[in-house]
Amino acid sequence: MELQAVLMAAGGGSRMMDLTYNTPKPLLPVGNKPLIWYPLNLLERVGFEEVIVITTKEVQKMISTDPKVKLDVKMKLDLVCIQEDADMGTADALRHIQQKVKTDVLVVSCDLITDAALHEVVDLFRAHNATLSMLMSKAHEFTETVPGQKGKKKTGEQRDFVGVDDTGKRLLFMANEADLDEGVVIRKSIMRKHPRMHIKTGLVDAHLYCLKKSVVDFLADNKSISSIRGELVPYLVRKQFSKSTNSPKVIDETHQNLKKNDSNVNLEIQISSRDEELLHLTQERSCWNDHRGDMSDAYHGGRLRCYVHIMDEGICYRVNTLAAYIEANRLAPKLFDEPAVHPSAVVSERCLIGADSIIGASCQISDKTSIKRSTIGVSTTVREKVKVTNSIIMHGVTIEEGCNIQGSVICSNAVIGRGADIKYCLVGSAQRIEPDGEHTTMSKACSA
Amino acid sequence: MKRESIVPAACAAVTYTVLCHPHHHTVFIVLTDGPGNKDDITRSKNEGKELSKEEKQRLRKQKKQQKKQKERKNEKSETEKEKTPVSLLPPPRPVATQKAPSALPAPASAPIPVPASAPFHSSPAPSPADKPAKSKAELKAERRARQETDRAAKQPGSSSSGIKTKVPLSELNPVVKRLPEHVQVDDPAVVKRLAKKLERQQIPLRSDYGYKVSLFSHLHQYSRKAPLTQQLSIPSTVIHPSIVRLGLQYSQGIVAGSNARSVALLHAFKQVIRDYTTPPNEELSRDLVNKLKPYISFLNQCRPLSASMGNAIKYIKKEISNIPSQCKEEEAKTKLLTCIDRYIEEKIVLAAKAISKYAIEKISDGDVILVYGCSSLVNNILCEAFEKSRKFRVIVVDSRPRLEGREALRRLVQRGISCTYVLISALSYILPEVSKVFLGAHALLANGYVMSRVGTSQIALVARTFNVPVLVCCETYKFCEKVQTDSFVSNELDDPDDLMVTRKGKTQLENWQDVSSLGLLNLVYDVTPPDFVDLVITDLGMIPCTSVPVVLRVKNLDQ
């Protein structure tokens, strides 16, 4: 078997607590499908037959019991539960399933919505025998106004600096602004080997990684690393150019001393494979080099290589903020071609449903309603003379007559009273908006 | 007849008349090297059917082979085995029929020792007098048992017939040669056949790209931006992951150069063999070869196979088919792995050393040596010569679009050899300084022509006009039975987009596809006639170009 897929679905959605305090993030509806469906669909389209899903007990229960959460995937899902309060990072989760990992892994995050061609990432991983291969995309500005926020919120998120070489494929440098004190520090050894480096800041990390099995084993020995994106990836990128990875002498010594606790050493032992001499002979006889202009061999003799595929066009979103969630809802219908209006929805004839709206199953849309650019969830009831524009209505919501909902997010099982006027609001789960209320740019959520 | 040596004379006549029945297959378990083909011949003979032309030809060759093998096999255990069946044949007859079903799937090494090794259920020696009386009933039972075996054999039948057609060819090598098919992309029937074959093997078809120059429209032209892996599922199940990796490395040019490609291929085959498990009711010797076929088609789609790779594959297939069936799986696998290691060691590593030894004799102090492109063998020779303190300097000639000479330049300068670098357009300018030309080869054809990187024939031609000796260095495993006199018939077309150059942000040829009268041609190989080559240095010695067919003949006889 070549690759095993691991889906990380245990995240808390800490940046959109308004939405996730009731529904766990993997099960948030996007385009009337649970968020976790999108990465699963991506893996299934590409040809995976089994996925290891790391999630919490709550999610597992909801997946198996709740009829609204239909996953619709033909792959075999191996659900691994971890404690919610254990505060496990993604690398900790990977360490947890180390026994199940038998070959190289493809780690995907549950909040990734993309139509990327995965073979580009995996081809880099295969062709260059890379240790890490990841996917990134040019970030798009979010244009929709976010409900519950007054004005455009300045992104408090800090920038990521990503350094790639001239071909744009080899990952040379990765650091987050938070980790840098004064400026971007680049080691001379990197500059000597790759004199031309392009540093990009406007990239979105898709959190899709191809990792060698030796990395998973290395994680098992080094318990200090807890997050893949935060700690493991920068560590691997730095290690490409560290002296110990490159000198063959050190590797000979490490083969003799098997009981060293040094983390560097462990990674080296695991990288070398059988038939090393044949691979070496091939590289020696092949007239290919990945760079030119200096006297060193291909890859500068380094054995640890990290690659990145940067997508120029196409959809790639990580749904971890409210703005991203709304944007994703807008674009999600493009990713699958089910009919916009679910066949089991009861839609009366005198209502106006825009072309880019999605009506979920078992909905009841009454007369004289107008639904534009919105998503209506499963089992929602919309009474007469309601105007819904640019909004996301989740499951089981009841909207009484005469309401006007614009640019808002209404969570599951909420009830909007008659004649309410809601603009750019976020109504939490099972909330009630009293009739004839007028709310603008407000976030009404229950403090559970 | 072979049969007579196994079946005791007393029974022989009886056997013939009764069993020459048109509806029954008769299968005699005969001692043979090639599995199954003898059965085929004897079977069709006994059926009394009209033998087809091929079968008649095969029969004739069989007889010739048998005469040869008879002498060889006299000291083998067959004689002992003949004796035992003679005395014990009567009772083992019923045992033999029961053994026939299990023996048929493994005719290669299930000679008459089957009765000898089979547990004898019946008492050793009923009187020979009973034999003729028993024989009719026994023969009927035998016939019935053989019908069942044939029905059972229908399942592995496709694999065994594959072996059958292959083995006669290798045995009849001196007479009938199987030449590689010509690529004929402009013939829709051939393309359809190829597509069907790939579909059967579950390998995606790679589509051609761009306008092809008319002289070369019969060849494939692929784009590097459309890799074959696009159409494969990501955890590749049909094709072994190391083969997918190898195909990618070939198509992206990461593994280039015929030596490197062969070594990488054998390395990947080692992984395949390591991960292989024989399915139940299958034989390793046949099933593994069948497993390798789709991989080879896949690699061919990624990049057309080189002559050296073809020879390596032939060697592996032969080794696998020669695994005796009673060999355990682990043993067979380790045997194959050591065979591969030995092949690489002998044909590539040691051959390079031998060639260096001969070539160094030809390099004298004060020489100016011209090399073209990046041939691993020539680089090896020059580095060794430098280590043996020969004083010479090197001129590296390079050509677009591959610009492989830069890599050769780097490797030579790294060792300390003083080098000059020119492009091929400056060849006639630089040649008056040159004292010898060393060229590498991709393959040596049976008529003495040298197939090498495009541009080599130019170099040889100009060197000839300047009276500079041209020496081609080539290992014997790259010798190929093809015959070609021009570079059109069989060649390789690389991605035409490689010819585009971006200077100061502008790519002039960016929209070359829109210009209807423009075609881009990126040839990979060309053939040099033997008149331009003064000497070929191989691991067998220094031979003239016209001696290549002799080497091939000697090699085939050895095998």
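# Buried residues, strands and helices

User: What share of the residues in chain B is buried?

Analyst: Of the 559 residues in chain B, 53% are buried. Buried means under 20% relative accessible area, exposed over 50% and partly exposed in between, with a 1.4 Å probe and protein chains only. The model is predicted: local features need pLDDT of at least 70, side-chain atom pairs count only at pLDDT 80 or more, and totals for chains, interfaces and linings use all residues. Residues are numbered from 1 along each chain as its sequence is written, chains are lettered from A and ligands numbered from 1 in the order in which they are written, and side-chain values use heavy atoms, leaving out hydrogens and water.

User: Why does A:S366 count as buried?

Analyst: A:S366 has 16% relative accessibility, so it counts as buried. The residue sits in the loop between strand 18 (364-365) and strand 19 (370-372) of chain A. Helices (H or I, at least four residues) and strands (E, at least two) are DSSP runs, numbered from the N terminus. Neighbours within four places in sequence aside, A:S366 is in contact (heavy atoms within 4.5 Å) with A:S348, A:C351, A:V382, A:R383 and A:E384.

User: What makes strand 4 of chain B largely enclosed?

Analyst: In strand 4 of chain B (residues 436-440), 5 of the 5 residues are buried, so the rest of the structure largely encloses it. B:K436, B:F438 and B:G440 point one way and B:V437 and B:L439 the other, all of them buried.

User: How do you know which strands pair with strand 4 of chain B?

Analyst: Two strands pair if DSSP finds at least two bridges between them. Strand 1 (residues 367-372) of chain B is joined to strand 4 of chain B by 3 bridges, and strand 7 (residues 470-473) of chain B by 4. Each count meets the cut-off, so both pair with strand 4 of chain B. Strand 4 runs parallel to strand 1 and to strand 7. B:K436 is the bridge partner of B:I369, and B:G440 stands opposite B:C473.

User: Why are strand 16 and strand 31 of chain A called edge strands?

Analyst: An open sheet in chain A has 6 strands in the order 16-19-22-25-28-31, with parallel pairing. Strand 16 (352-353) and strand 31 (438-440) each pair on one side only, as edge strands. Within the sheet, 3 bridges join strand 25 (residues 404-406) to strand 28 (residues 421-423) of chain A, with A:K423 as bridge partner of A:Q406.

User: Why are helix 13 and helix 14 of chain B called roughly antiparallel?

Analyst: The axes of helix 13 (residues 284-302) and helix 14 (residues 307-321) of chain B come within 8 Å and cross at roughly 155°. Axes are lines fitted to C-alpha atoms, for helices over the stretch in contact, with angles from 0 to 180 degrees between N-to-C directions. Angles under 35 degrees count as roughly parallel, over 145 as roughly antiparallel, 65 to 115 as roughly perpendicular and the rest as oblique. The two helices are therefore roughly antiparallel. Residues of helix 13 including B:L288 and B:L292 meet residues of helix 14 including B:I316 and B:I320.

User: What makes helix 12 of chain B largely enclosed?

Analyst: In helix 12 of chain B, 15 of the 18 residues are buried, so the rest of the structure largely encloses it.
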